[in-house]
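Have the structure open beside you and take the points in order.

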Amino acid sequence: MLSFDPDKIDIPEGNFIGGEYLKMKEGSLAVNRPSDGKTYASLSEAGINDVDDAVNIAENARQESGWSACSPRERGAVMRRWADLIEQDSDYLGRLEAAGSTRPVTEVMQHEIPFTAAAIRFYGECADKYSGDLLPTASHSLGMVIPEPYGVVGAITPWNFPLSMASWKCGPALAAGNAVVLKPSELTPFSTARMAELAVRAGLPAGVLNIVQGRGQLTGSALVKHPLVRKVSFTGSTATGAGIMSDAAVHGMKPVTLELGGKSPQLVFDDAGDPQAIALRIFRGFTANGGQACVAGTRLVIQRGIAPAVTEHLIRLCSQVTPGNTWLESSRYSPLIDHRQGEKVAGIVALAREQGAEVLTGGERFAGTGEGWFYRPTLLSGVSRENCAVREEIFGPVLTLQLFDDEEEGLALCRHETYGLCAGVHTSTLAVALRAIKSLDAGTVWVNRYGRSGDFIIPTGGFMGSGIGKDLGKQAFQACQRQKSVLIDF
């Protein structure tokens, strides 16, 4: 049985700095469970001085432990042991994650923890697989490019996938020889701290990975601005990413990796195949984690011929959803993270209706769920390009439906003035798929599927307001190294 009592979990107390849990003097914040709104723990918030201590400890630990200087194979071995411990600790990690986040315990155990461990292993293998270059220079000289770690990487992760997002940030940075100071979301702070504790047990020198907890405007800002933080990696909203990019430019001119918001289209052609299978693919693409994913496929752009059948199946799938607390094994549908997010989703849907949208299904909160914000999967039709539900990232289970007649019109509807994170193309015609891939302004295009796989070699990251740089893939590892050019005359 995966079900558990959320009131009987030992919560890690304090920030994890220098290999131990420390209480901060700044104060504490209440942490609530999304499923029922209950305050179940308090967070010890790190202030500016606390962040300064954590960064200095990280830099000293990196140098004194020899983490940056040790053989890449040794770093890889530590990270593989870390991945093993994450899997062995899955019962506790899974309960921490499920109780305090939007992730149902079955999803955490079957997907989140295996994905997190596999990502750590992947970057452990990268440690000794990618190197510098010898360059073709004159015969009396030797040219080289030597990769080096930056030093301390400041990482900030969102609340929607706490463990896996931490693996995206810590995996490549640590494998490349950096130290990391990571700030998880103040809404879901605890599983990441436990993950860092396991890293020390696996042999990572104490202090090389530190977790500071707190709000973005205090703790996160202090981390980004710290002079010893040489690189910043952030996943979150486009507005916050823009502020981080500005702060990074002013405080040290440090590089940033930003994985930001999205408003991703799912482009369906008449020849896509079985309408029921397509509907299920689209449904999962916009309802996974309650729609709270930057890659969510929330704009259905569908050719007129296949639209009625797909829409009928979508309405049926939406109507079959049952809410349930995240600590119950039977639960498959996520709550919204808190009341503020719930009110935002409801407000955008209400405004979309005022602007002409028709609610085909959903459009309201589930009744009888207490203080938990479970929002019904919602399908909006009759929306124009100017409708707020088409233009804004809602971060909830809301899908807009737009019809097209020919390929050119469909591709035009897919374009978005702000975002370019992901897109899905559904067709059985190779030429149509290839033309769409070339036309779509998106950092990732999926064809006849929607969503990531376990192929960590495939990078992810968006264009325009959806971000800069890549997570995952060898690109994420190489982005955690600076390149030093060398020319030697004989």
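1. A definition to begin with: contact means heavy atoms within 4.5 Å. Helices and strands are DSSP runs numbered from the N terminus, with H or I over at least four residues for helices and E over at least two for strands. This is a predicted model, where local features need pLDDT of at least 70, side-chain atom pairs count only at pLDDT 80 or more, and totals for chains, interfaces and linings use all residues. Residues are numbered from 1 along each chain as its sequence is written, and side-chain values use heavy atoms, with hydrogens and water left out.

2. Let's start with a helix pair. In helix 7, Ser221, Val224 and Lys225 meet Ile244, Asp247 and Ala248 of helix 8. The residues of this contact split into three nonpolar, one polar and two charged. How do the two helices pack? Helix 7 (residues 216-225) and helix 8 (residues 238-250) have their axes 9 Å apart, at an angle of about 35°. The axes are lines fitted to C-alpha atoms, for helices over the stretch in contact, and angles run from 0 to 180 degrees between N-to-C directions.

3. Next, have a look at Arg75, in helix 2 (residues 72-88). Arg75 is buried but has no salt bridge, and the nearest side chain of opposite charge, Glu74, is 8.2 Å away. Buried means under 20% relative accessible area, exposed over 50%, and partly exposed in between (1.4 Å probe, protein chains only). A salt bridge is a side-chain nitrogen of Lys or Arg within 4 Å of a carboxyl oxygen of Asp or Glu. As for charge, Lys and Arg count as positive and Asp and Glu as negative, while His and the chain ends are not counted. What does the side chain of Arg75 reach? It gets to the backbone oxygen of Ala175, at 3.0 Å. Neighbours within four places in sequence aside, the contacts of Arg75 include Trp67, Ser68, Leu174 and Gly177.

4. Now for the salt bridges: the count comes to 26. One of them joins Lys169 to Asp471, with the closest N and O atoms 3.3 Å apart. This pair links distant parts of the chain, 302 residues apart: Lys169 sits in helix 5 (residues 162-175) and Asp471 in the loop between strand 21 and helix 15. Lys169 is buried, at 3% relative accessible area, and Asp471 is buried, also at 3%.

5. Compare that with Arg304 and Asp405, whose side chains meet in a salt bridge at 2.8 Å, N to O. Here too distant parts of the chain are linked, 101 residues apart, with Arg304 in the loop between strand 13 (299-303) and helix 10 (307-319) and Asp405 in the loop between strand 16 and helix 13 (407-414). Arg304 is partly exposed at 41%, and Asp405 is partly exposed at 46%.

6. Two further items on charges. Asp36 and Arg33 form a salt bridge (2.8 Å, N to O); Asp36 is partly exposed at 24%, whereas Arg33 is buried at 4%. There is also a network of salt bridges linking Arg73, Arg80, Glu125, Asp128 and Lys129.

7. Check the backbone at a couple of spots. Most residues other than glycine have a negative phi. Phe395 is not a glycine, yet has a positive phi of about 60°. Phe395 lies in the loop between helix 12 (388-391) and strand 16 (398-404), and counts as buried because its relative accessibility is 18%. Leu472 is not a glycine either, and its phi is positive at about 65°. Leu472 lies in the loop between strand 21 (467-468) and helix 15 (473-478) and is buried at 4%.

8. Where is Val432? It is found in helix 14 (residues 430-439), buried at 11% relative accessible area. Leaving out neighbours within four places in sequence, Val432 is in contact with Phe269, Glu407 and Thr427.

Definitions and conventions
Polar contact = N/O pair within 3.5 Å; in protein donor to acceptor, adjacent residues only side chain to side chain. Nonpolar A, V, L, I, M, F, W, Y, C, P; charged D, E, K, R; others polar.
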